[in-house]
Amino acid sequence: MLADLATVEARARRPEDACRHLLAALEQLRITWYETGMERVREARGLLTEWEDTVAVRAVDDRLYSWPATLSSLQRWR
């Protein structure tokens, strides 16, 4: 749901609000992994390319791109 809200905000050209929702979504995914949720986060992030150089989008990218280590450890539990 948070990623979907981010999509709405991104389409409304409110990148800071979109990023706020994406960071909250990533925090929830850190606690409870949900593959579809991550796909939605990535889709919403894709709508923010126009604002890539902003602090808000860079914060999302920092959080998003730190996921490989987490995903790797989660895959070991399968």
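1. The axes of α2 and α3 come within 10 Å and cross at roughly 160°. Axes here are lines fitted to C-alpha atoms, for helices over the stretch in contact, with angles running from 0 to 180 degrees between N-to-C directions. Because angles over 145 degrees count as roughly antiparallel, α2 and α3 are roughly antiparallel to each other. Their crossing is left-handed, that is, the near helix is turned anticlockwise from the far one by less than a right angle.

2. The model is predicted; local features need pLDDT of at least 70, side-chain atom pairs count only at pLDDT 80 or more, and totals for chains, interfaces and linings use all residues. Residues are numbered from 1 along each chain as its sequence is written, and side-chain values use heavy atoms, with hydrogens and water left out.

3. In the contact of α2 with α3 (heavy atoms within 4.5 Å), α2 supplies L22, A25, L26 and L29, which meet G37, M38, V41, A44 and R45 of α3. These residues divide into seven nonpolar, one polar and one charged. The classes are nonpolar (Ala, Val, Leu, Ile, Met, Phe, Trp, Tyr, Cys and Pro), charged (Asp, Glu, Lys and Arg) and polar (the others, Gly among them).

4. For α1 and α2, the axes come within 8 Å and cross at roughly 165°; this pair is therefore also roughly antiparallel. The crossing of α1 and α2 is left-handed. From α1, the contact takes in L2, A3, L5, A6, E9 and A10, and from α2 D17, A18, H21, L22, A24, A25 and Q28. Nine of these residues are nonpolar, two polar and two charged.

5. The loop between α1 and α2 holds R13. This residue is not a glycine, yet has a positive phi of about 65°. Most residues other than glycine have a negative phi.

6. Helix α4 (residues 55–64) packs with α3 at an angle of about 150°, the axes being 12 Å apart. The crossing of α3 and α4 is left-handed. M38, V41 and R45 of α3 make the contact with V57, V60, D61 and L64 of α4. Five of the residues in this contact are nonpolar, none is polar and two are charged.

7. The largest pocket has a volume of about 160 Å³. A pocket is an open set of points on a 1 Å grid over the protein atoms alone, where a 1.4 Å probe fits, with protein on both sides within 12 Å along at least five of seven lines; lining residues have an atom within 4 Å of a point. The lining consists of M1, L2, A3, A25, Q28, L29, T32, Y34, G37, R40 and V41. Two or more lining residues come from each of α1 (2–11), α2 (15–31) and α3 (35–46), helices being DSSP runs (H or I, at least four residues) numbered from the N terminus. Seven lining residues are nonpolar, three polar and one charged.

Terms used
Grid points are joined across faces, edges and corners, and a volume is the space filled by probe spheres set on the points. Angles under 35 degrees count as roughly parallel, over 145 as roughly antiparallel, 65 to 115 as roughly perpendicular and the rest as oblique.
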